Amino acid sequence: MPDLPVSELLELDRRHVWHPYGPMPGRQEPLVVESASGVRLTIAGEPDELVDGMSSWWSAIHGYNHPVLNDAVREQLGRMSHVMFGGLTHEPAVRLAKRLVDMSPEELEHVFLADSGSVSVEVAVKMCLQYWRSLGRPAKQRLLTWRGGYHGDTWQPMSVCDPEGGMHELWQGVLPRQVFADPPPVAYEESYADHLRSLIERHADELAAVIVEPVVQGAGGMRFHSPGYLRVLREACDAHGVLLVFDEIATGFGRTGALFAADHAGVTPDVMCVGKALTGGYMTMAATLCTSRVAEGISRGEVPVLAHGPTYMGNPLAAAVACASIDLLLGQDWRTEIKRIETGLREGLAPASELPGVRDVRVLGAIGVVQLDHDVDMAAATRAAVREGVWLRPFRDLVYTMPPYVTGDADVARIARAVCAAAREG
Ligand code: PMP
């Protein structure tokens, strides 16, 4: 197939293609990516490659076009690319489930291989509601979360995203009505812990679960908070008969400096969602893990099955590359690499705090955030980053980066310069 000329490709894109959170087709100006390798994206019409500061939204932790991951896909492609998962199983899925169980907080034993992060959250919510139904407690069907969160774009996940000024404000009143706590403060405050405890106690009869992003709230505002709150949630949930769900879709696989953010607190949730970096950014796959208590509870019910089974469940290509990605991660000194990037981002972003209009600069693991006191001009900020040779995707009042773990020191410094430039000009 001959390549389309860039102008024609862009014209067809404008006419026919929706992009994430994009306006109607016809009003967007995306860059055309021709290829990606290591930490670099080749953009049509740009003389120089761009260093990727986004890991394709937390996913491409090992960079692009990685020989080991490519081989894993190729090898699996020679056996089978997909097969239905009902009544059949296969080695890549089983191996992946075993790896996830081995690396995740203890007691998480059962793995549902979903096809996207949002679906893995849907499955988590279904598990929790069904657990209580099976135990004869159907009134326990609401969720508690803290404001400022983000859990995906399908129905139940939207209901636990930030309800005010968030991405799904349009749907308030139509979505299931959940219970919201205030956003967690950065540092541990006993008064906030009491706020969480009292909400859980007050709503215990109607709560199926508490669901939160541990330690880092991502797309809802890139806020960090004390791991101590995870222990408070665990204790309060246990005391009042409520399940605890951690959404580790963004934070999982080392990003915060621990394998899972839950590890900062030494807390095991009843249900945990992972996605994004699961396949090293190669393919769409996510997973919902749960404890035996949850799985056995569901199987004791009048309807003893978890009625969820997507067509592409357990996709062998995705499972094979996920196994390879996990092996790559665990086979290296990933803690040192994350620390190295954290140090580079801290140094490189320090000058941003002197810029006019900058409210806060924060770094945790391989995540760097500059928060402004105004909404960023996305086009101007993106252009400023591209001029520095870096791909960033600022949004709302945030310019932020979560680079691939293989980003070298010079490129980390360059990304930090681009974040500063975007914050200055955006
Ligand atoms: N939960 C969190 C914490 C996320 O960051 C995201 C994706 N931004 C999701 C859920 C949804 O995942 P997906 O986009 O794969 O549906």
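Colleague: What should I know before I start?
Modeller: The model is predicted, with local features needing pLDDT of at least 70 and side-chain atom pairs counting only at pLDDT 80 or more, while totals for chains, interfaces and linings use all residues. Residues are numbered from 1 along each chain as its sequence is written.

Colleague: OK, how many residues surround the ligand?
Modeller: 15 residues do, and the closest are Gly117, Ser118, Gly152, Ile249 and Ala250. A residue is near a molecule if its C-beta atom, placed from the backbone, lies within 6 Å of it.

Colleague: Which helix gives the most to that shell?
Modeller: Helix H5, residues 117-134, with three residues. Helices here are DSSP runs (H or I, at least four residues) and strands are E runs of at least two, numbered from the N terminus.

Colleague: Which residues does the UniProt "binding site" annotation cover?
Modeller: The unreviewed entry lists Gly117, Ser118, Asp247, Pro310 and Thr311. They spread over 195 residues of sequence and up to 23.1 Å in space between C-alpha atoms. Such annotations may be inferred rather than shown by experiment.

Colleague: Where is Pro310?
Modeller: Pro310 sits in the loop between helix H9 (292-299) and helix H10 (316-330). Leaving aside neighbours within four places in sequence, Pro310 is in contact (C-beta atoms, placed from the backbone, within 7 Å) with Ala114, Asp115 and Val119.

Colleague: Why does Pro310 count as partly exposed?
Modeller: Because 15 other C-beta atoms lie within 10 Å of Pro310. The cut-offs are 20 or more such atoms for buried, 12 or fewer for exposed and partly exposed in between, with C-beta atoms placed from the backbone.

Colleague: And Thr311, buried or exposed?
Modeller: Thr311 is exposed, because it has 10 C-beta neighbours inside 10 Å. Thr311 also lies in the loop between H9 and H10.

Colleague: New topic: which residues of H7 are buried?
Modeller: Tyr192, Ala193, Leu196 and Ile200. They cover an arc of only 110 degrees around the axis, so they are on the same side of H7. That arc is taken from the directions from the helix axis to the C-beta atoms.

Colleague: What do they pack against?
Modeller: Strand E5 (142-146), strand E6 (179-181), strand E7 (207-212) and helix H8 (228-240).

Colleague: What's exposed on the other side of H7?
Modeller: Glu190, Ser191, Asp194 and Ser198.

Colleague: Which residues does Arg197 touch?
Modeller: Not counting residues up to four places away in sequence, Arg197 touches Val232 and Ala236. Arg197 and Val232 are 35 residues apart in sequence, but 7.4 Å apart in space, C-alpha to C-alpha.

Technical notes: Two residues are in contact if their C-beta atoms, placed from the backbone, lie within 7 Å.
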